[in-house]
Amino acid sequence: MPGTFEPLPGGGAAVALDDVEISIIRSLAVQLLELIGPGPGEDAPDDPLAELFAEGPSEPPADPVLKRLFPDAYSDPEGTPEAKEAEEQRAYSSEFRRYTENDLRAGKRDNALAVIRTLDALRPVDDGGAVLKLSVEESRQWLSSLNDLRLAIGSRLEITTRRTRTSSTGCRTRIRASRW
């Protein structure tokens, strides 16, 4: 079972991790938390209704990783729309972002914290590693957080779904990174 998630009876998953893997995953989850940003501060209202209607940012993030983690809700994946359509899509995206981004950030923050907490709760075995056993809910949180990390790393490395590369012989080849 080393390095491979295995299903547990009754749901959930287990994986054997060594100390280095634990350290890397924990470090990446902490970096993801720092990137997403802090949650509501101490000055946040105690009123759940006010919290429910709190407005978030209306502009897309400048950081390409955050832009990938919190993309525009309305955009044309096939290309650039005409000017009027583009302006309309920006307005719709802005409105959608204003009411959803805070909740999306909170969910991503909770998932990353779950990864950190489960790693911190591990008890080492004789050879220095540990066996991580996740419940069904923890598995979902891990999958979400690992996917966010995949997107963040891919964005930082500027990996796209299709890219053309010219080899040393001058031949152009396509690189598919969608399975990455």
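Reply: Start with the labels. Helices (at least four residues) and strands (at least two) are DSSP runs, numbered from the N terminus. Phe-96, for example, is found in helix H4. Keep in mind that this is a predicted model.

Me: How many helices and strands does the protein chain have, and in what pattern do they follow along the sequence?

Reply: The chain has 5 helices and 5 strands. Along the sequence they read β-β-α-α-α-α-β-α-β-β.

Me: What share of the contacts in the protein chain comes from residues 24 or more positions apart?

Reply: Take the contacts with a separation of 6 or more: 65% of them join residues 24 or more positions apart.

Me: And what share of the residues is buried?

Reply: Of the 180 residues in the protein chain, 28% are buried. The accessible surface comes to about 12,500 Å². Carbon and sulfur atoms hold 54% of that surface.

Me: Which residues of H5 are buried, and what covers them?

Reply: Among the buried ones are Gln-141, Trp-142, Asp-148, Leu-149, Leu-151 and Gly-154. Their cover includes two strands, S2 (13-17) and S3 (130-134). It also includes helices H1 (19-36), H3 (64-69) and H4 (83-120).

Me: Is Glu-158 buried or exposed?

Reply: Exposed, because its relative accessibility is 62% and the cut-off for exposed is over 50%.

Me: Now the rings. How is a pair of aromatic rings described?

Reply: Two values do it: the distance of the centres and the angle of the planes. This structure holds 3 aromatic pairs. In one of them, the ring centres of Phe-5 and Trp-142 are 6.4 Å apart and the planes stand at 65°, so the pair is edge-to-face. This pair links distant parts of the chain, 137 residues apart. Phe-5 lies in the segment before strand S1 (6-7), and Trp-142 lies in helix H5.

Me: At what angle are the ring planes of Tyr-74 and Phe-96?

Reply: Their planes are at 90° and their centres 6.3 Å apart, so this pair is edge-to-face. Tyr-74 is in the loop between H3 and H4, Phe-96 is in helix H4, and 22 residues separate them. Tyr-74 is partly exposed, with a relative accessible area of 41%. Phe-96 is also partly exposed, at 40%.

Me: Which residues do ring pairs link into a cluster?

Reply: Tyr-74, Tyr-92 and Phe-96. These residues also make a nonpolar surface patch of about 320 Å².

Methods
Residues are numbered from 1 along each chain as its sequence is written. This is a predicted model: local features need pLDDT of at least 70, side-chain atom pairs count only at pLDDT 80 or more; totals for chains, interfaces and linings use all residues. Side-chain values use heavy atoms; hydrogens and water are left out. Buried means under 20% relative accessible area, exposed over 50%, partly exposed in between (1.4 Å probe, protein chains only). Contact means heavy atoms within 4.5 Å. Accessible areas come from the Shrake-Rupley method with a 1.4 Å probe; for residues, only the protein chains shown count as cover. Patches are made of residues with over 30% relative accessible area and no salt bridge: like charges are joined within 9 Å, nonpolar side chains (Val, Leu, Ile, Met, Phe, Trp, Tyr) within 5 Å. A salt bridge is a side-chain nitrogen of Lys or Arg within 4 Å of a carboxyl oxygen of Asp or Glu. Rings of Phe, Tyr and Trp (its six-membered ring) pair if their centres lie within 6.5 Å; planes under 30 degrees apart count as stacked, over 60 as edge-to-face and the rest as tilted.
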